[in-house]
Amino acid sequence: TIATYGDMIRVPGRRGSLERLRAGGADVRVVNSTKTALQLARDNPARQVVFLGVGFETTAPATAIAVLEAEREGLENFSVLMCHKLVIPAMLALLSSGDVPLDGFLCPGHVSVIIGARAYQPIVAQHRRPCVIAGFEPEQILRGLINLVRQVAEGRAEVENVYAAVVSEQGNATALGLFERVFVPEDTAWRAIGVIPQSGQGLAPPYRRFDAVERFGLTLGEDEDHPACRCGEVIQGKTEPADCALFGTACTPLHPVGPCMVSSEGTCAAWYKYHRR
Ligand code: SF4
C-alpha cells in the first residue's frame, strides 16, 4: 500500500503516475496527514504501508514524528520513502553553478518558519544575493518584492524578514530538533537538475529500518523526463515556461508532462493560470 499526499498522485514518472497505477489496480491511498498513514498501517497489519515522504522543511517534521511514533508502537509494517529536500543547499548549489540570472530571492514563509531567517545568511555572505522572507497574502508578497527590488537597486545584499510575525530568527526549535534526531543530510537527486550534495534528508541510523528503500531492497533509477520538457531550466530561472514547446499544448495542469505543471505551486502551473500569452 502506498500512502501519499494528494499533490504527488499526478506527478508523471517513468511508468506513469500513481493515479494511473491506481486505476490499474495498485493500492494507492491519498492521505492528508502522516497520522492517517500510520492509521492505515495499524488497520492493515498484514500489509506493508509505504508513506511517500516528500516536500521541504515544511512537511518533514510530520514525517519525523510518524517515524518516531512507528518506532514507539513497534509498527513494523510502516515505512517511508524518503524524498524530503532542503532549501538552503539547493539555493547555494544553484548560485554556485555560475550562470544563473537571479538578482535575489523572495524566500518562502512556510519553509522560513521552520529554518528561521538566519538560515539564509550563507546566501548573502557567499553569493551577495538579497533574501527577503515574505508571507503568501498578496500584500505580503508585494511588500517582499518591494524590499527585494530596493535592495537590488541600492546594491545591498541582506536577509530581510517582512514576515516577522510568523518567522523568527532561529526558526522552530522543536522541528529543527526533530530533524537533528531522526534525519541525516544526504546527497540527493533533484528532478530535472541532478544530484545536489547534502540537499536531502535521509533517516538516521537508529531509524533506518523504517526506510522503504532499505526494507524492500529498492534501487531508485534515474528520472526520465520528456526530452522536450525544460523544467530544469525553468526551476533555475534560465527560461520561462512559455518558452517550452509543450507549454499549454501537450502540457497543461489537466495533463501535466513535466513536474513543474503538476501542483498549483509549480512554476509552469502558476504561469499557465496567471500568465498565459
Ligand atoms: S510546460 Fe510542461 S513540459 Fe514544459 S517545462 Fe513546464 S512542466 Fe516541463
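Predicted model: local features only at pLDDT ≥ 70, side-chain atom pairs only at ≥ 80, totals over all residues.
A residue is called buried when its relative accessible area is under 20%, exposed when that area is over 50%, and partly exposed in between.

**First stop: helix α7**

Please begin by selecting residues 138-154, which form helix α7. Within this helix, highlight L145. The relative accessibility of L145 is 37%, so this residue counts as partly exposed.

Which element gives the largest share of the nonpolar patch? Helix α7 does, with 3 residues.

Next, move to V149, which also lies in helix α7. Is V149 buried or exposed? Its relative accessible area is 56%, and V149 is therefore exposed. Select V132 as well, and display the distance between the two C-alpha atoms: V149 and V132 are 17 residues apart along the chain, and their C-alpha atoms are separated by 9.9 Å.

**Second stop: salt bridges around R156**

Select R156 together with E154 and show their side chains. The two side chains meet in a salt bridge, with an N to O distance of 2.8 Å. R156 has a relative accessible area of 26%, so it is partly exposed.

E158 is partly exposed because its relative accessible area is 34%.

Turn next to D27 and R29. Their side chains meet in a salt bridge of 2.6 Å, taken from N to O. With a relative accessibility of 23%, D27 counts as partly exposed. R29 falls into the partly exposed class because its relative accessible area is 32%.

How many salt bridges does a search of the whole structure find? The search finds 8.

The next two stops concern empty space. Rolling a probe the size of a water molecule over the atoms shows where such space is left.

Select R10, P12, G16, S17, E19 and R20, and then L254, H255 and P256. Together these residues line the second largest pocket. The volume of this pocket is about 190 Å³. Colouring the lining of the second largest pocket by class gives 3 nonpolar, 3 polar and 3 charged residues.

**Last stop: the largest cavity**

How many cavities of 30 Å³ or more does the structure hold? It holds 1. The largest cavity has a volume of about 100 Å³. To find it, select C229, C231, C244, C251 and C268, which are the closest to its centre of the 14 residues that line the largest cavity. Which classes of residue make up this lining? The lining of the largest cavity has 12 nonpolar residues, together with 1 polar and 1 charged residue.

Key
Residues numbered from 1 in each chain as written. Heavy atoms only, no water. Helix = DSSP H or I, 4+ residues; strand = E, 2+ residues; numbered from the N terminus. Buried < 20%, exposed > 50% of the residue type's maximum accessible area, 1.4 Å probe, protein only. 1 Å grid on protein atoms, 1.4 Å probe; cavity = no way out; pocket = protein on both sides within 12 Å on 5 of 7 lines; lining within 4 Å. Points joined across faces, edges and corners; volume = space filled by probe spheres on them. Nonpolar A, V, L, I, M, F, W, Y, C, P; charged D, E, K, R; others polar. Salt bridge = Lys/Arg side-chain N within 4 Å of Asp/Glu carboxyl O.
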